[in-house]
Amino acid sequence: MEASAPALVELTDVNKHFGDLHVLRDINLTVRRGEVLVVIGPSGSGKSTLCRAINRLETIDSGTITVDGKPVPAEGKALAHLRADVGMVFQSFNLFAHKTVLDNVTLGPRKVRKAAKKDAEEAARTLLRRVGVEDQARKLPAQLSGGQQQRVAIARALAMQPKVMMFDEPTSALDPEMVQEVLDAMVALAKEGMTMIVVTHEMGFARKAADRVVFMADGQIVEQADPDTFFTAPTSARAKDFLSKILVH
Amino acid sequence: MSEFLDLLRQYDVAHAFWVNLQLTFWGGLLALGIGTVLAVMRISPLTSLRWAGATYVNLVRNTPLTVIMVFLVLAVWTQLGVTLSGDFTSNFFNFAVAGLGVYHAAFVCESIRSGVNTVPVGQAEAARAIGLPFLAAARIIVLPQAFRGAVAPLGNTLIALLKNSTVAAAASVAESSGTMKTLIEFHPDYRWQVFVTFAIGFVVLVIPIGLATTWLSRRLAVTR
């Protein structure tokens, strides 16, 4: 990723409340094309909300969010178009439970992009092969392991050929032995130059694949730096405290 | 005994029950159509649609079916001059179907909504996240799963509809409860036999629906 790459996602003075709770406080953040941004921080720091606000699964109270230069629309067809360009991977996979793996991956291209069935299935099989679950194509999501489901979810998001991929704690709901297979798929994606915003607790992934680490606490961006700097020489007390708690064991 | 069976034939009790089944079929179809639209309105992101759906449900669900039937026949037909068929008998039948459909739509709507509650919110979020607009997400992702989760309450509504089809007597439709009343009126010696016959008739019709919905709801349940 070049430092001069154009901005793809821009958040300016974003604020959000859940009732009395101020979950996002004056968030200013720019994600450049091709950049892999890892957002870390304690629970309740607002990192998931930040991620979900970018494709407006959460509304914001004030500020602006732009994707590829265009403000995120409030509703309707325009919002649906934007969401089609922003891939999203959820903590709990959220694969369509009544549809096969193949249908999960082809649904977006067919219904939103109006792709022909044959083309969509061909592309889907290529993606499923890429994440290593091609032989599960005819199964229902419930027949797959968590790790396989999450890799299908990544394929489903990629099938829309998104400009940016967002991962909202993609490995937090997984059994420990399945975390690596999902992280491997994400690292591969990062190496291919995909723009990624990853909310995670996986420090190994942050070290290996991130261009920049953003540390959030209490709804604010407290600190941001390249991973080496952040993990070896954090500047803020909050970040030092957080890292001491998670890196000790 | 054979005299009583002759009576049942003479008054064509079998046909009277057949009318109830027809009322149930068409009324159920109408209720399913209106109820699905209402359910979509009630889960839509538009406040005005949600409000309209909720108003319909609360208004209709809390009005006695007899009142709706009598209103349709005495006010809508007799006073406002709306007809649903040129044929006298079909006109009453169609009004009864309309009354049953309109009334049970409120219950169908709530059954489907209970089905929607069995669908994790992440399903709708994932549908929106790949760019499906609200209606497409509802049609392709949420409703198919909601219906499968709502088989049991929908079956209960269908059972209620079958039994409530006797209220069509209030709209002058010659169905089983009307036939029962006539039989008792003209053959009071057979009062309890007549009553037991009609009770058994309904039990025989209702039990298979109950068994079928239980079986279907297990078979169609979405594995998560």
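Predicted model: local features only at pLDDT ≥ 70, side-chain atom pairs only at ≥ 80, totals over all residues.

Modeller: Residues are numbered from 1 along each chain as its sequence is written, chains are lettered from A and ligands numbered from 1 in the order in which they are written, and side-chain values use heavy atoms, with hydrogens and water left out.

Colleague: How many salt bridges does a search of the whole structure find?

Modeller: A salt bridge is a side-chain nitrogen of Lys or Arg within 4 Å of a carboxyl oxygen of Asp or Glu. Over all chains, the search finds 18 salt bridges. One of them pairs A:K16 with A:E58, whose closest N and O atoms are 4.0 Å apart.

Colleague: Which parts of the chain does that pair link?

Modeller: Helices (H or I, at least four residues) and strands (E, at least two) are DSSP runs, numbered from the N terminus. A:K16 belongs to strand 1 (residues 7-18) of chain A, and A:E58 to the loop between helix 1 (47-54) and strand 4 (62-67), so that distant parts, 42 residues apart, are linked.

Colleague: Are A:K16 and A:E58 buried or exposed?

Modeller: Buried means under 20% relative accessible area, exposed over 50%, and partly exposed in between (1.4 Å probe, protein chains only). Both A:K16 and A:E58 are buried.

Colleague: What does the salt bridge between A:R238 and A:D218 look like?

Modeller: Their side chains meet at 3.6 Å, N to O. A:R238 counts as partly exposed because its relative accessibility is 33%; A:D218, at 46%, likewise counts as partly exposed.

Colleague: And what of B:R61 in chain B?

Modeller: B:R61 forms a salt bridge with B:E110, with the closest N and O atoms 3.9 Å apart. B:R61 lies in helix 3 (residues 47-61) and B:E110 in helix 5 (residues 88-116), so the pair ties together parts 49 residues apart in sequence. B:E110 counts as buried because its relative accessibility is 18%, whereas B:R61, at 30%, counts as partly exposed.

Colleague: Which residues are linked in a network of salt bridges?

Modeller: The network links A:R33, A:D68, A:D85, A:R113 and A:K163.

Colleague: Where is A:M194 found, and what does A:M194 touch?

Modeller: A:M194 is in the loop between helix 6 (176-191) and strand 8 (195-199) of chain A. With a relative accessible area of 15%, A:M194 is buried. Contact means heavy atoms within 4.5 Å; not counting residues up to four places away in sequence, A:M194 touches residues including A:G34, A:P162 and A:K163.
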